[in-house]
Amino acid sequence: MISEYNEIWENPDYYSGVSTYLKEIPEEKKTIFVLIENEYNDRIFWNKLFTSIPSKYNFRIDTHKYTGSTALIQLAKNGKLNACRVICIDSDYKYLLDDDIIKNKFVFHTYTHSIENHFCFGKNLHYYCEQVSTLSVDDYFFDFESFLSNYSKIVYDTFVCLFCRCSLLDDCKCFDAKRNYQYLYFSPIITNLLTEYEKKIKNIRDKYKSESKKYDEINRYSKDFIGTLSDTIIRKFKEKHKYIRLCNLCNETFKNEAKLTLEGKGVTNNNLYLFVRGHTLYDNGIKQLIKLIIKLLENIKVSQIFNQCQHKTFKENRSEFYNHYNSYKPHNVIFPQGLNQECEFVENIRNDIRMLYIPKVMISYSHKDKSDANRLAIDLQQNNIDIKLDDKDMLVGESIHQWVEKNLTECDYILVLLSHDSIESSWVKEEINAARMREKESNKSILLSVMLNGITSKDLPLLLKDKNAVSLCSKYEDALKSILRSIREYEQRSHINNA
Ligand SMILES: [Zn+2]
Ligand SMILES: [Zn+2]
């Protein structure tokens, strides 16, 4: 006979019909299918990320019929994602605007506006130019980091309006893309500078008969040009940016609120370039800038080669340099090296990936049972479970209702601690109700009941009567093991069901 205190895994009836699901599958054979928005950049970027995490799971980027983020997001919204099938999308503004889609555990996103923003990461551009030109970084360098930080400072106030209350008002034209779009990026400025530079170089070539004089001049002019380049672009961009037209509805209070929101997401006036539309910043700015800088460095390098060698070997040396130079194409190098130096948000993505197999468990309890809750929380956490406990996780000033609601929907399991106090608590009752609803909708076990001192199955609320509960009264270690084993079994089962 099975006593009603029997723990869940000891009850053969409980598993009837599902026993085949419970056979262990070797961890190393688990494959997770990954759907991405596009083939080229996305594949390189995400692949690099997945392989940078030591994992027993094999992430396989799937070639698939869904392209573009809309189709992928639809999969998430229709509940088609699971621990075996995940999607990777650009954050766009979803991260900054707290869109629910990115809170889905099976949705990975870039944190920056898009993958292209990662390609604009200052340190990588620096590294790329160094590799291409073979020139030492500190001698003739364009400081990408300070350039991008200056750019960010200029567009910051404009960008703030996107997240400002004025943008909710009908008359707000702050982010009227058609009107303001061209003032946010700097492509024409650089195209003009490149034309100006090339014209001058042609003049030098035409003007001087002597090769050495020619190279001297090209060298001198190029060094001057690169030395003032950052300031020139920034100055011209500032002038251009003045023409951006914001609405008059925005006030300091709105703006300060928006700044705080952005700050909370790690957006500052130094790194804003990671959050403007990356496709545009990269395609209509950074690419041209790289082209110009590499042109400058190429000329400096060739002049150097001329000066450093005997005339008879100049050709050989030069062609050697060009062989190297030509092997570096932006597409071949910036992309694969895209994560060579990582911006601060890459670690967030990695954490999301790591969390894929860490169950999130919320503990629902009465504050009078705080010590039991804390003890369980600590022990479960040590067993690689992500515990959500209001005391520990809630921020000062955060809405309790919102916190509870968020965790009731996001957590994989709700562990309810049943005592005479908690059974009477309206909070706990509400939490049990919500978890039961989710169980019905998803057809999964979400609610795990734990009986505290003095509670017997007779005391259980009606909603929990048919649920096997574990008791903390007898041996704590055994009860802890039971909880852990249940969670692992449920995870296993949902993995197999989803495969
Ligand atoms: Zn505004
Ligand atoms: Zn506005």
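## Overall make-up

Counting up the secondary structure of this chain gives 20 helices and nine strands. Keep in mind that this is a predicted model. The chain has 499 residues, and 32% of them count as buried.

The fold also brings together parts of the chain that sit well apart in sequence. Take the contacts between residues at least 6 apart: 73% of them join residues at least 24 apart.

## The five-stranded sheet

Five of the strands make up an open sheet with parallel pairing, and their order is β6-β5-β7-β8-β9. At the edges are β6 (386-388) and β9 (469-471), each pairing on one side only. On average, neighbouring strands in this sheet are turned by 25° against each other, if you ignore direction.

A helix goes with this sheet too. Helix α15, residues 370-382, lies across β5, β6 and β7, and it runs at about 170° to β5.

## A closer look at β7

Strand β7 covers residues 413-418 and pairs with β5 (residues 360-364) in the parallel sense, over four bridges. Within that pairing, Val361 has Tyr413 as its bridge partner, while Ser364 is partnered with Val416. β7 also pairs in the parallel sense with β8 (residues 447-451), this time over five bridges. Here Leu417 stands opposite Val450 of β8.

How much of β7 is buried? Six of its six residues are, so the strand is largely enclosed by the rest of the structure. Tyr413, Leu415 and Leu417 point one way from the strand, Ile414, Val416 and Leu418 point the other way, and all are buried.

In soluble globular proteins, nonpolar side chains tend to be buried together. In this model, the largest nonpolar core has 76 residues, and the ones touching the most other members are Val34, Leu272, Tyr273, Val276 and Ile293. Helix α11 (residues 278-308) gives the most to this core, contributing ten residues. Which domains give residues to it? Domain 1 (12-111) and domain 2 (117-339) both do, so the core lies between them.

Leaving out residues up to four places away in sequence, Leu272 touches Ser152, Val155, Tyr156, Phe159 and Val267. Apart from this core lies another one, of 35 residues, and among its members are Met362, Leu380, Ile414 and Ile487. Ile414 has already come up as one of the buried residues of β7.

Key
Residues are numbered from 1 along each chain as its sequence is written. Chains are lettered from A and ligands numbered from 1 in the order in which they are written. This is a predicted model: local features need pLDDT of at least 70, side-chain atom pairs count only at pLDDT 80 or more; totals for chains, interfaces and linings use all residues. Helices (H or I, at least four residues) and strands (E, at least two) are DSSP runs, numbered from the N terminus. A residue is buried if 20 or more other C-beta atoms lie within 10 Å of its own, exposed if 12 or fewer, and partly exposed in between; C-beta atoms are placed from the backbone. Two residues are in contact if their C-beta atoms, placed from the backbone, lie within 7 Å. Two strands pair if DSSP finds at least two bridges between them. Axes are lines fitted to C-alpha atoms, for helices over the stretch in contact, and angles run from 0 to 180 degrees between N-to-C directions. A nonpolar core is a set of buried Ala, Val, Leu, Ile, Met, Phe, Trp, Tyr and Cys residues joined through C-beta atoms within 7 Å. Domain bounds come from an automatic or database domain assignment.
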